[in-house]
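Here is a short briefing to read alongside the structure. Take a look at the fold first, and then we can walk through a few of its details together.

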Amino acid sequence: MCRASFLYAFEQYKAWLFNPRILLIIYTVVFLNDSLTVKMLEICEETGYTLNLAEPLALILSKSVNAVIIPIVFLALSTDFPRNSDNLFSIYRMSRKGLVIGEIIFSVMSALTYVILLFLGTFLYCAGSCSAGNEWSEYTAVLFSEYPEIYRRNTSLFLTSATYMQGTPYEVIFHSTALMFLYTLFLSLVIMLFKQLRKKEFGVVIGIMLTLCGLATDSGASPIMWVFPITHTVYGWHFDIFMREQHFSLFGSYIYFAVLILAMLVTNLVLSKKVNLP
């Protein structure tokens with residue numbers, strides 16, 4: 001069963017990777033970097049500063065609008081997957097449980113690939129113009145005081161102190177990408193759950209609603225925001241913008257996702273024994 005589940009997962013993964021919708025990842029990388037990274041580099045050219053390689057990605061993952069765009073693009077990529085057919089089922093001779101395990105493996109692979117491609121796409125976008133150290137550049141650390149007029153005109157192109165005062169550049173992007181991966185994996189498992197119930201479209205709607213409702217506030221002041229998984233993906237929202245205080249611990253966010261994902265895994269496996277697969 002284990003071998004058949006892995007073979008099934010890789011078959012689905014290949015179909016997902018070579019589906020024309022995968023171009024959405026390229027469009028997303030271009031859109032996010034054109035709207036932020038290119039403008040950051042223009043300011044650096046004007047001021048003579050050099051960005052740290054991690055700063056564009058850290059900024060992209062810190063924006064509320066991107067916290068919506070990134071999961072919704074993943075939902076668009078995942079609505080048709082995994083694809084079951086009588087041929088696949090008979091070729092791999094799997095039980096219903098084995099098929100669901102294969103779908104879980106596929107969910108991990110697709111979510112991880114999606115986040116890695118966003119990560120690498122942003123790095124490649126600015127690699128030739130950035131430094132690779134693990135310290136915040138002058139662009140982030142001092143430009144606001146040295147060039148206040150430029151800063152005031154472009155505040156949306158700078159990280160808040162809630163982000164850069166609470167970790168190193170690579171620490172920030174590690175936690176940001178890891179938490180976004182966990183969220184996309186959770187969304188994939190939600191779709192799988194409703195697929196077993198023959199209501200996959202409803203699962204997509206649930207995923208979109210969870211994403212949008214979680215962004216009702218990004219101040220961290222409202223405890224209710226931490227009920228929604230999307231708010232746990234933004235590094236800076238865990239900290240106070242003015243004081244070195246935590247609104248919610250990063251470790252707590254990992255525990256939160258671990259509980260959610262475990263619950264979805266168990267539910268999917270239990271359903272596989274009770275519901276006829278579509």
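Lys14 pairs with Glu11 in a salt bridge, with 4.0 Å between the closest N and O atoms. Please keep in mind that this is a predicted model.

**Salt bridges within a helix**

- Both Lys14 and Glu11 belong to helix 1 (residues 2-17), where they sit 3 residues apart, about one turn of the helix.
- Lys14 is partly exposed at a relative accessible area of 47%, and Glu11 is partly exposed at 34%.
- Glu149 and Arg152 form another salt bridge, their closest N and O atoms lying 2.3 Å apart.
- These two residues, Glu149 and Arg152, are 3 residues apart in helix 9 (residues 148-153), about one helical turn.
- Glu149 counts as partly exposed at 47% relative accessibility, whereas Arg152 counts as exposed at 53%.

- Glu103 and Lys195 meet through their side chains in a salt bridge of 2.9 Å, N to O.
- This pair links distant parts of the chain, with Glu103 in helix 6 (residues 96-126) and Lys195 in helix 11 (residues 169-196), 92 residues apart.
- Both Glu103 and Lys195 are buried.

**Helix 2 against helix 4**

- The axes of helix 2 (residues 23-47) and helix 4 (residues 64-78) come within 10 Å and cross at roughly 170°, so the two helices are roughly antiparallel.
- The crossing of helix 2 past helix 4 is right-handed.
- Residues making the contact include Leu24, Phe31 and Leu36 of helix 2 and Ile69, Val73 and Leu77 of helix 4.
- By class, this contact has 10 nonpolar, 2 polar and no charged residues.

Note on methods:
Residues are numbered from 1 along each chain as its sequence is written. This is a predicted model: local features need pLDDT of at least 70, side-chain atom pairs count only at pLDDT 80 or more; totals for chains, interfaces and linings use all residues. Side-chain values use heavy atoms; hydrogens and water are left out. Axes are lines fitted to C-alpha atoms, for helices over the stretch in contact, and angles run from 0 to 180 degrees between N-to-C directions. Helices (H or I, at least four residues) and strands (E, at least two) are DSSP runs, numbered from the N terminus. Angles under 35 degrees count as roughly parallel, over 145 as roughly antiparallel, 65 to 115 as roughly perpendicular and the rest as oblique. A crossing is left-handed if the near helix is turned anticlockwise from the far one by less than a right angle, and right-handed if clockwise. Contact means heavy atoms within 4.5 Å. Ala, Val, Leu, Ile, Met, Phe, Trp, Tyr, Cys and Pro count as nonpolar, Asp, Glu, Lys and Arg as charged, and the others, Gly among them, as polar. Buried means under 20% relative accessible area, exposed over 50%, partly exposed in between (1.4 Å probe, protein chains only).
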